[in-house]
Amino acid sequence: MSANTTSRPPVIPGRSRAAAPDRRKQYRRRARIADILVTSVWASGAAAAALFLATGGASKFSTIADAVTSTGIIAGLIGTDFILVMIVLAARIPIIDRTVGHDRAIAVHRSLGKPALYLLLGHALLLLTGYGLSSGINPIAEIGPLLAIPDMPLAFIGLGLLVVVVITSLVAVRRRFSYEGWHLVHLLSYAAVLVAVPHQLSVGGILSNGSVERVYWIALYVLAFGSIATYRFVEPVVSTIRHRLRVDRVESVAPGVVSIHFSGRNLRSLESAGGQFFVWRFWTGRTWWHSHPISLSSVPTGTTARITVRDLGTGSSAISAVRPGTRVSFEGPYGMFTDAGRTAPKLAIVVAGIGITPVRAFLEDSRVQPGETTILLRASTGEETYLWDEIADLARKKGARVYTMVGKRALTGPGWMPQADSSRGVTLRSVFPDLKDSDLYICGPTAWLDLVEIDARRAGIPEHQLHTERFDW
């Protein structure tokens, strides 16, 4: 491991330092909002059940058949409620993204997937059982009469689509898809909810005129699909037209790595912070159908922006070859891998490979004092030191210390560092002596990042001081 300690920048007479933000206060505020968000999510399911019981559902438990049927209805209502809440969380609503972060919102979104599916499967099975008990036939035989009811075939189709969506969201399955393919399959969740609406109107009757349930469910449907329409479709189109982004030039950084420079107008009004990402779409014959979640690699000016891309597959190799003048549309900015997420007095950064891109922009945008920041740059070979020269320049300007590690991963000891450093006893604590008083930002390949994260937790860093940016979805 080698180190480069930069000198402190000179103090300019007559210029006062900006007041340091109260990071602890900001963290406590975000934590409260996150707790409220999670509580509200689960409470919405309880509200769906309570409304059913309060509007006549409580009287529908007089027989075993009625009790089973009513329980099935409640399971379906809670499951549908969770699906709609999941849509809201995935809509990338700015107030949610800026307070709890897109990663936290998506984590809650994913946590609801399996419960929602199990509830809806339970809904179908309990209704088949309840109707079977009422009519005196077995539940399997009840499927035929149910399918004969108008709108019920659509409900079965919706349930089948949700099964597909949840299965493809499992990590082991998701990794077999390209981002575009997985995203296309995931859009089925919208179709699944929409095709299930008719049977709620005709069979379920939960939207009957004058009921409190009607108000609740209409509001939830409007919130879910209104948020998706606004923030995933309308707002990106408006922003793209307003800022007129085009590819200005493509610069080779290293073999298989390019920086794509954009030109546009009034880009500072996007209010993007260093470390955030956008979802980009390049309008060429080869790339228009690909959407790419890629972080900025520098803070935008009023008319320019930049991303840095490594050729990791068909999609990234195609955009690496785009020509100047290509039109670009985008969604964002997203993410809390920014200076706003900090809670501790010190700053520690560990980065590997193309993970350097959000870290470089984050460092440029961060408000740090000399001596506050320590950076560890990691690469497998000398050819993978992308943008290290720019990090070194920024470190000198901000009074940060930079360490570097180059070499294949160790076979013994901490597997995220080279064998030479592991063998001579280098640890995360020896690189960052003030680790427990630091915010630790980690970015790089997922498997490598997981090892650093495990090491950091073993070293005793508080969970709220650990910030990661994974290049997966």
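## Overall make-up

The chain contains 16 helices and 12 strands. The model is predicted. Of the 473 residues in the chain, 50% are buried.

Contacts can be sorted by how far apart the two residues are in the sequence. Among contacts in the chain with a separation of 6 or more, 74% are between residues 24 or more positions apart.

## Surface

The chain exposes about 22,200 Å², and carbon and sulfur atoms supply 61% of this area.

A nonpolar patch on the surface is formed by Phe233, Val234 and Val238. Together these residues have about 270 Å² of accessible area. Val234 belongs to helix α10, which covers residues 212-243.

## Backbone features

Most residues other than glycine have a negative phi, and most peptide bonds are trans. The cases below depart from this pattern in the backbone.

Which form does the peptide bond from Gly332 to Pro333 take, cis or trans? This bond is cis, with omega near 10°. Pro333 lies in strand β7, made up of residues 328-334.

## The loop between β3 and β4

Strand β3 spans 257-263 and strand β4 spans 277-282, and Asn266 is found in the loop between these strands. Asn266 is not a glycine, yet its phi is positive, at about 50°.

The phi of Glu271 is near 55°, a positive value in a residue other than glycine. Glu271 has 60% relative accessibility, so this residue counts as exposed; the cut-off for exposed is over 50%.

Notes: Residues are numbered from 1 along each chain as its sequence is written. This is a predicted model: local features need pLDDT of at least 70, side-chain atom pairs count only at pLDDT 80 or more; totals for chains, interfaces and linings use all residues. Side-chain values use heavy atoms; hydrogens and water are left out. Helices (H or I, at least four residues) and strands (E, at least two) are DSSP runs, numbered from the N terminus. Buried means under 20% relative accessible area, exposed over 50%, partly exposed in between (1.4 Å probe, protein chains only). Contact means heavy atoms within 4.5 Å. Accessible areas come from the Shrake-Rupley method with a 1.4 Å probe; for residues, only the protein chains shown count as cover. Patches are made of residues with over 30% relative accessible area and no salt bridge: like charges are joined within 9 Å, nonpolar side chains (Val, Leu, Ile, Met, Phe, Trp, Tyr) within 5 Å. A salt bridge is a side-chain nitrogen of Lys or Arg within 4 Å of a carboxyl oxygen of Asp or Glu.
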